[in-house]
Amino acid sequence: MKHTDAETRAVDEAARQTARPTAQQGDWARAPERSNMLALRFICLMALVCGRHVTRLLLPPISLYFLLFAPAPRRYIKRYLFRAMGPQAGWVDGYRLLHAFSSTVLDRVYFLRGRMDLFKVKIEGNEPIETEAAEGRGAFLLGAHIGSFEVLGACKQHAHQNRMRLAMLMYPDNAQRITAILNAIALPEMRPHVISLGRPHSMLALRDWLDGGGLGGMLADRTLPGSEEQPAHQRGNNIVLPFLGQPAVFNDGPFRLAALLRRKVFFMAGMYGGGARYDVRFDPLADFGTPFADAAERERRIRSAVEAYVAHLEALCRAYPYNWFNFHDFWLEDAA
């Protein structure tokens, strides 16, 4: 697909908007990593040497430790669980959420080592995405900090003729240590291709990747750190929508970028069902491949796509309440 200079400049602008929302929303990215390099290496080594069943014995004390000694994340987990499950949610539910999070982090080791035989993975809705990849159009896969992203590697193994080439568009600086360790143990064919956010040329690389039939994955439930001093046109466009009964801010940058690149957008999620079970699902959100009648129609379709994304995310939070891994002030209540 050929692109004009005007389209290239538009992609550059979308990149700046995606990478520069408000400072308050980006507080999660400035939070220091709560991890210890030696402990991370020990757990990864134990996972590889002792196996999954033995290493999972470490998860209860780890989960309990963070439940007791991480007051800010505990406060945010409590707020979320009240909205997803109701006022009956308590300490046990907070523990179960942290245990599910610890389980998905541990399982990343085995996914990146290609050990899909250890898990029971159910995949739904992947056929349209495989079609887009096979026909060389590429597509956007928008997920969230819910469940496991690495389990999507199972889809690559199940895809017809291994046609699913996925690049993860992400902000990598917030979890450099654990990412470095996991990448070190990953098999080359299982290591995700990463295009870092915050650099306009990276968005152009994403366009080339999509033109080659690749898939671009983004986690669209967080915005990136920026500065209030930046010009308004350089920030992302924020939309306030009801989410679990409370207004929440979502950014339309990923959808705007998909509209500029004329791609289809799918919702993706790899939900942890306990034990060794994962449910992977893909759902269509928008088709920006068809032309827009005018700017007003483009804005309506982008807004509709964001609303569909939030609706899918809310439904998953209610169906899998222990899979929500946003341990920060998502509803911006601390400032109020």
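# Helix packing and buried spots

In this predicted model, Leu59, Pro60, Ile62, Ser63, Leu64, Phe66, Leu67 and Leu68 of α5 touch Trp91, Gly94, Tyr95, Leu98, His99, Ser102, Ser103 and Leu106 of α7, contact meaning heavy atoms within 4.5 Å. Sorted by class, that α5–α7 contact has 11 nonpolar, five polar and no charged residues; here Ala, Val, Leu, Ile, Met, Phe, Trp, Tyr, Cys and Pro count as nonpolar, Asp, Glu, Lys and Arg as charged, and the others, Gly among them, as polar. The protein as a whole has 13 helices and nine strands, which are DSSP runs numbered from the N terminus (helices are H or I with at least four residues, strands are E with at least two).

Some housekeeping: residues are numbered from 1 along each chain as its sequence is written, and side-chain values use heavy atoms, with hydrogens and water left out. Because the model is predicted, local features need pLDDT of at least 70 and side-chain atom pairs count only at pLDDT 80 or more, while totals for chains, interfaces and linings use all residues.

**The whole chain**

- Of the 336 residues in the protein, 49% are buried (buried is under 20% relative accessible area, exposed is over 50% and partly exposed is in between, using a 1.4 Å probe and protein chains only).
- Take the contacts with a separation of 6 or more: 80% of them join residues 24 or more positions apart.

**α7 and its partners**

- Two packed helices are described by the angle between their axes and the distance between the axes.
- The axes of α5 (residues 59-69) and α7 come within 9 Å and cross at roughly 125°; axes are lines fitted to C-alpha atoms, for helices over the stretch in contact, with angles running from 0 to 180 degrees between N-to-C directions.
- That pair is therefore oblique (under 35 degrees is roughly parallel, over 145 roughly antiparallel, 65 to 115 roughly perpendicular, and the rest oblique).
- α5 and α7 make a right-handed crossing, the term for a near helix turned clockwise from the far one by less than a right angle, with anticlockwise giving left-handed.
- α7 also packs on α6 (residues 71-85), at an angle of about 105° and with the axes 10 Å apart, so α6 and α7 are roughly perpendicular to each other.
- On the α6 side of this contact sit Arg74, Ile77, Tyr80, Leu81 and Met85, and on the α7 side Trp91, Asp93, Gly94, Leu97 and Leu98.
- By class, α6 with α7 comes to seven nonpolar, one polar and two charged residues.
- Serine 102 belongs to α7 (residues 91-112) and is buried, at 12% relative accessible area.
- Setting aside neighbours within four places in sequence, serine 102 contacts Leu59, Ile62 and Ser63.

**α12 against α13**

- α12 (residues 253-260) and α13 (residues 295-319) pack at about 130°, with axes 10 Å apart, and that makes α12 oblique to α13.
- The crossing of α12 and α13 is right-handed.
- Phe255, Arg256 and Ala259 are the α12 residues involved, and they meet Arg298, Glu299, Ile302, Ala305, Val306 and Tyr309 of α13.
- The class count for α12 with α13 is six nonpolar, no polar and three charged residues.

**The buried face of α8**

- In α8 (residues 127-134), Ile129, Glu130, Glu132 and Ala133 are buried.
- Looking down the axis of α8, these buried residues fall within an arc of 160°, so they line one face of the helix; the arc is that of the directions from the helix axis to the C-beta atoms.
- Among the elements covering the buried residues of α8 are β2 (139-143), β5 (215-219), β8 (264-272) and β9 (277-287).
- Glycine 136 follows α8 and has a positive phi, near 80°.

**Leucines to click on**

- Leucine 40 is in α3 (residues 37-50) and is buried, with a relative accessible area of 14%.
- Leucine 40 and isoleucine 181 are 141 residues apart in sequence, yet 7.8 Å apart in space, C-alpha to C-alpha.
- Leucine 244 isn't a glycine but has a positive phi of about 55°; this residue lies in the loop between β6 (238-243) and β7 (246-251) and is buried, at 3% relative accessible area.
- Leucine 332, another non-glycine with a positive phi, has a value near 55°; the residue is in the segment after α13 and is partly exposed, with 24% relative accessible area.
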